Amino acid sequence: MLARMLAGLLPARAESADACYRRATAARERGDWAAAVDGYRRTLAARPDHAEAHNDCGVALCALRDFDGARAAYARALELRGDFVEARVNLGQLLQAEYHDYREAAAQFRAALALDPALGLARNSLAVALYERGLPAEAIACLREALQRAPQDAQAHQYMLFMSNALAQRDADDWFAEHRSWGQRHADPLPRFAHAPAGAARRLRIGYVSADLREHATAGFIRPILAGHDRDKFDISCYSSAEASDAQTQAMQRHGHRWCSIAGLDDAQAAQRIRDDAIDILVDLSGHTRGGRPGVFARKPAPLQIAYLGYLNTSGIAAMDYRITDAIADPPGASERLHTETLLRLPQTLWCWQPPEDAPEPAALPAQRRGYLTFGSFNHIAKLNDAVLALWAELLRRLPDAQLQLMAMPDGDSAARIRRALQQHGIAAARVRTLPRLAREQYWQQFGEIDIALDPFPYTGGATSCESLWMGVPVVTLAGDFGFARSGATILANAGLADLVAADAAQYLHIAERLARDLPALAALRAGMRTRLARSPLLDAGRFVAALEQCYRGAWRGAADGTRSC
């Protein structure tokens with residue numbers, strides 16, 4: 001009797017699970033994530049072995065920012081089905097984006113590719129994981145394979161452009177050709193909006209498009225612009241492509257400009273929204289960095305389009321009219337041929353920086369307390385190429401008591417790889433200290449452990465250099481050809497520290513050694529650094545924003561009379 005009763009219940013139980021799963025999927029499709037999670041959990045109560053429900057529940061939990069729950073759901077899906085490619089990619093992306101566990105993320109992406117070698121999303125994500133572990137050459141090789149399999153993969157091509165900034169050796173003309181190839185393949189064939197000729201001088205509508213209107217290295221450069229615009233002359237709209245907002249987003253929104261999230265819109269939809277807003281000048285603050293939306297600019301939703309701030313190189317897009325820079329980052333005549341845009345040079349600095357409010361007062365020079373000097377780098381590990389490490393090793397050989405501290409190592413294996421590279425140049429492991437990514441309070445404390453910051457090359461620092469100076473730590477940089485290779489140079493020159501800018505490796509060593517051998521002068525430089533920076537053009541927001549607005553106005557006039565200048 002009991003067996004017959006149980007047998008009669010089984011079909012109803014299966015139907016109930018299927019019905020719950022359908023309801024959960026419908027809730028997911030309409031964006032009701034809480035209802036989706038509830039539905040998937042009801043499904044799993046009836047059918048604990050439903051791998052698809054575990055995976056889909058993980059997706060919904062991610063949307064609700066329950067990342068631990070999502071991680072467990074993906075893991076359970078893979079326990080049930082080891083060949084579940086979608087769950088592997090989902091788990092890898094979660095580990096990468098929220099846990100910064102790039103090593104395990106890479107393992108998940110490789111496992112997915114072993115099952116489906118044609119899966120472009122997994123290959124592109126693997127490239128990101130490799131880059132974040134300080135392996136840009138391997139990441140680019142991965143992306144080249146992705147493009148061989150799918151030549152129209154715009155994201156793979158875009159990632160490759162950005163990651164190439166970190167390569168120690170690159171031919172400028174080939175690099176420009178790669179950018180132009182991106183534009184010709186993915187941007188220029190797209191339909192563009194038509195625009196009437198620019199009108200007379202009036203209140204201009206400026207639109208900023210960025211993936212970084214949030215806690216991000218470029219936020220300190222964006223905030224003073226949004227705060228300083230003349231509202232009588234300029235009407236500002238911000239188009240955020242960030243997937244989530246945070247305290248920095250809310251701080252920017254408090255400036256009262258129009259705000260529109262385009263994260264859920266495709267490029268065509270976002271371009272139409274901007275076109276409907278009748279923007280006069282559209283400014284790209286992200287370029288080919290991660291999350292950038294060059295496909296929006298390819299459609300020309302505004303009469304004038306300007307690349308600025310986040311990507312110090314050409315977009316390669318025919319529809320982009322200008323790129324804003326300065327005469328130090330892009331010396332006149334040095335890089336015009338390497339741009340599809342006309343370069344507009346601001347009179348002093350291409351950047352204005354707002355110091356973080358949580359930065360403490362600078363500490364005293366640690367070398368005077370310890371009796372030995374510590375060099376340091378706070379830069380991304382992908383920038384620490386073999387040429388950089390070789391030069392730093394030579395510096396340590398010249399100063400046998402000095403130490404080197406490297407920050408933001410993604411994992412122990414990556415840190416060990418850097419230490420081994422320095423050992424091959426004769427530097428004992430005991431002289432090299434590596435630290436993982438730290439919370440903000442701990443991050444600021446580490447500036448009190450560093451006497452001199454060493455800028456990598458050719459991908460030099462931006463926000464990191466500004467933060468070092470604000471904390472009293474001088475930065476030694478090697479100026480390259482243009483753009484990212486000279487961002488450190490323009491920051492230091494505008495801080496009144498042009499004597500810390502080297503033209504070649506020998507001068508880099510000379511500058512760093514000179515600073516290290518004169519501790520009283522180094523201590524005095526440190527003590528006065530914050531005041532120096534506060535009085536520099538880098539922090540003169542009023543003057544900077546006025547110059548930027550004049551540049552916008554000049555570009556608008558130029559569109560009317562056929563000239564192109566600030």
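Is Arg-557 buried, partly exposed or exposed? At 44% relative accessibility, Arg-557 counts as partly exposed, where buried means under 20% relative accessible area, exposed means over 50%, and partly exposed lies in between (1.4 Å probe, protein chains only). The model you are looking at is predicted, so local features need pLDDT of at least 70 and side-chain atom pairs count only at pLDDT 80 or more, while totals for chains, interfaces and linings use all residues. Residues are numbered from 1 along each chain as its sequence is written, and side-chain values use heavy atoms, with hydrogens and water left out.

Let's stay with Arg-557 for a moment. You can find Arg-557 in helix α24 (residues 541-561); helices (H or I, at least four residues) and strands (E, at least two) are DSSP runs, numbered from the N terminus. Arg-557 and Ala-201 are 356 residues apart in sequence, yet their C-alpha atoms are 7.4 Å apart in space.

Now move to helix α3 (residues 51-63). Among the buried ones are His-54, Asn-55, Cys-57 and Val-59. Contact here means heavy atoms within 4.5 Å. Asn-90 is itself buried, at 15% relative accessibility.

What about the cysteines? A disulfide is a covalent bond between the sulfur atoms of two cysteines. The rule used here asks for a pair of cysteine sulfur atoms within 2.5 Å, and by this rule the count comes to zero disulfides. Take Cys-57: the closest cysteine sulfur, in Cys-62, is 10 Å from its own, too far for a bond. Cys-62 is in no disulfide either, since the nearest cysteine sulfur to it is that of Cys-57, 10 Å away. Cys-57 is buried, with a relative accessible area of 4%, whereas Cys-62 is partly exposed at 22%.

Most residues other than glycine have a negative phi, and most peptide bonds are trans. Arg-65, in the loop between α3 and α4 (67-80), has a positive phi of about 65° although it is not a glycine. Leu-309 also has a positive phi, near 80°; look for Leu-309 in the loop between β5 (304-307) and β6 (322-326), where it is buried with a relative accessible area of 4%. As for peptide bonds, the one from Phe-457 to Pro-458 is cis, with omega near 5°. Pro-458 sits in the loop between β11 (452-454) and α19 (463-470).

Next, the aromatic rings. Rings of Phe, Tyr and Trp (its six-membered ring) pair if their centres lie within 6.5 Å; planes under 30 degrees apart count as stacked, over 60 as edge-to-face and the rest as tilted. A search of the whole structure finds 13 aromatic pairs. One of them joins Tyr-21 and Tyr-40, a tilted pair at 5.8 Å centre to centre with 55° between the planes. This pair links distant parts of the chain, with Tyr-21 in helix α1 (residues 2-29) and Tyr-40 in helix α2 (residues 33-46), 19 residues apart. Tyr-21 is partly exposed, with a relative accessible area of 21%, while Tyr-40 is buried at 0%.

Tyr-131 and Phe-162 form another tilted pair, 5.7 Å centre to centre with 55° between the planes. Tyr-131 and Phe-162 also belong to one aromatic cluster with Tyr-311, Tyr-459 and Phe-484. Over the face of Tyr-459 lies Lys-383, at 4.1 Å from the ring centre; a charge sits over a ring if NZ of Lys or CZ of Arg is within 6 Å of the ring centre and within 35 degrees of the ring normal.

Finally, visit Thr-434 in strand β10 (residues 432-436). Thr-434 is buried, with a relative accessible area of 19%. Leaving aside residues up to four places away in sequence, Thr-434 touches Leu-406, Met-409, Ala-415 and Arg-419.
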